[in-house]
Amino acid sequence: MWDKIYTDFMTELHPKMWEMVARSTYETIYMGLAATLIAVVVGLPLGFLAFLTGKGRILQNTTLFRILDVIINIGRSVPFIILLIILLPVTRLLVGTTLGTTAAIVPLSVAAIPFFARLTANALTEIPTGLTEAAKSMGATHWQVVSKYYLPESLPMIINAITLTLVSLIGYSAMAGVVGGGGLGNLAISYGEHRGMIYVKWIATIIIVAIVMICQKAGDVLAEKVDHR
């Protein structure tokens with residue numbers, strides 16, 4: 001039995017297949033990091049704005065807060081596989097194709113932005129309000145309150161939010177393989193499932209789990225280093 005398992009394993013995972021595994025691993029990491037970067041660039045200010053315009057905050061604006069809250073909640077509520085299909089025309093318009101890793105970054109980013117924005121807003125609510133009032137009483141501007149107080153105090157939680165977003169996107173990137181998004185998910189579907197190569201499917205799964213564990217550990221360590229509370 002073991003001889004057959006070994007033979008099947010070596011037959012499926014020949015040198016060219018290992019090259020495909022390596023390329024797919026790179027594609028998965030590329031998609032995850034690129035979409036996370038976009039989510040942070042767009043979602044961070046969106047999350048701050050959603051928090052700062054809330055009741056009792058320094059930029060209180062009920063109308064704007066409700067609009068942002070609805071947008072973020074709707075964005076977080078749409079299942080990724082449905083969002084992936086809905087955004088196919090937008091993806092084709094932006095990158096010229098709906099296939100490949102670059103195309104997959106579009107729906108991944110759209111899914112991650114409201115997710116990260118909500119995590120950011122939730123992180124900011126954990127900060128005590130008393131120090132904010134003290135800073136304002138000493139003449140601090142709104143920008144100074146945000147940059148000198150809110151951002152440093154929430155940095156560990158924001159790093160945890162970035163980590164959670166990246167980990168989630170690694171999982172989402174596997175679903176992007178359903179529509180030819182590339183990466184380990186596409187490898188597992190195209191070869192592991194459609195061609196019955198069970199060992200390729202397991203290797204792809206193990207690598208995805210390993211990437212997630214490494215990202216989570218790195219994020220936890222970084223968050224602990226910047227946490228001076």
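What is the mean pLDDT of the chain, and what percentage of its residues reach 70 or more?

**Figure 1. Confidence along the predicted chain.** The structure shown is a predicted model. The mean pLDDT of the chain is 85, and 70 or more is reached by 90% of its residues. Among the elements of the chain, helix H2 has the highest mean pLDDT, 92, whereas helix H1 (residues 2-12) has the lowest, 65. Where pLDDT is low, the predicted coordinates should not be read in detail.

**Figure 2. The largest nonpolar core.** This core comprises 33 residues. Phe48, Leu52, Leu108 and Tyr150 have the most contacts inside it. Two or more residues each are given to this core by helix H2 (15-52), helix H4 (80-86), helix H6 (101-125) and helix H8 (142-176). Helix H6 provides the largest share, 10 residues.

**Figure 3. Surroundings of leucine 108.** Leucine 108 is one of the residues with the most contacts inside the largest nonpolar core. Apart from neighbours within four places in sequence, leucine 108 is in contact with Met31, Ala35, Phe80, Leu169, Tyr172 and Ser173.

**Figure 4. A nonpolar patch on the surface.** The patch is formed by Val70, Ile74, Val78, Ile81, Ile82, Ile85, Ile86 and Met175. Together these residues have about 650 Å² of accessible area. Helix H3 (62-77) and helix H4 each supply at least two residues of the patch, and the largest share, four residues, comes from H4. Methionine 175 lies in helix H8. Methionine 175 counts as partly exposed because its relative accessibility is 30%, between the limits of 20% for buried and 50% for exposed.

**Figure 5. Serine 24 in helix H2.** Serine 24 is located in helix H2. With a relative accessible area of 7%, serine 24 is buried. When neighbours within four places in sequence are left aside, the contacts of serine 24 are Gly183, Leu184 and Leu187.

**Figure 6. Isoleucine 203 and tryptophan 18.** Isoleucine 203 belongs to helix H10 (residues 198-226). The relative accessibility of isoleucine 203 is 16%, so this residue counts as buried. Isoleucine 203 and tryptophan 18 are separated by 185 residues in sequence, while their C-alpha atoms are 9.9 Å apart in space.

Note on methods
Residues numbered from 1 in each chain as written. Predicted model: local features only at pLDDT ≥ 70, side-chain atom pairs only at ≥ 80, totals over all residues. Heavy atoms only, no water. Core = buried A, V, L, I, M, F, W, Y, C linked by side-chain atoms within 4.5 Å. Buried < 20%, exposed > 50% of the residue type's maximum accessible area, 1.4 Å probe, protein only. Contact = heavy atoms within 4.5 Å. Patch = residues over 30% accessible without salt bridge, like charges linked within 9 Å, V, L, I, M, F, W, Y side chains within 5 Å. Areas by Shrake-Rupley, 256 points an atom, 1.4 Å probe, with all protein chains shown as cover. Salt bridge = Lys/Arg side-chain N within 4 Å of Asp/Glu carboxyl O. pLDDT = per-residue confidence, 0-100.
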